[in-house]
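Please open the structure in your viewer and keep the selection panel at hand.

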Amino acid sequence: MPDMSASASLAMTQLATLAKEVDEDKVTPGVLGFIVFAVMALAVWALMKSMNRHMSRVDFTESPDPKAESATSADASGAAKPQG
């Protein structure tokens, strides 16, 4: 594995010392974690409301196709006549 650059090495040593100062048993997500969670919850709520609105506009009953009806009636009448 290639060696880390000097700036990356310096950043890692500073982060390691900061990590030692934090009590591992008391780490919490904090205010930023709450804000991110709240924004995600609002986004999911808005998407569900939008989906519900779009699904209520969908007509689930299938309308008959006039072209298909005329084609099946022509096929049925043609099949009923004997060929000969």
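Predicted model: local features only at pLDDT ≥ 70, side-chain atom pairs only at ≥ 80, totals over all residues.

Residues are numbered from 1 along each chain as its sequence is written, and side-chain values use heavy atoms, without hydrogens and water.

Select the protein chain first and colour by pLDDT (the predictor's confidence in each residue, from 0 to 100). The average is 77, and 60% of the residues score at least 70. The chain holds three helices and zero strands (DSSP runs numbered from the N terminus: helices, H or I, at least four residues; strands, E, at least two).

Next, select helix H1 (residues 6-21), whose mean pLDDT of 63 is the lowest among the elements, whereas H2 has the highest, 95.

Then select methionine 55, which lies in helix H2 (residues 30-57). Is this residue buried, partly exposed or exposed? Methionine 55 counts as partly exposed because its relative accessibility is 45% (buried is under 20%, exposed over 50%, partly exposed in between; 1.4 Å probe, protein chains only).
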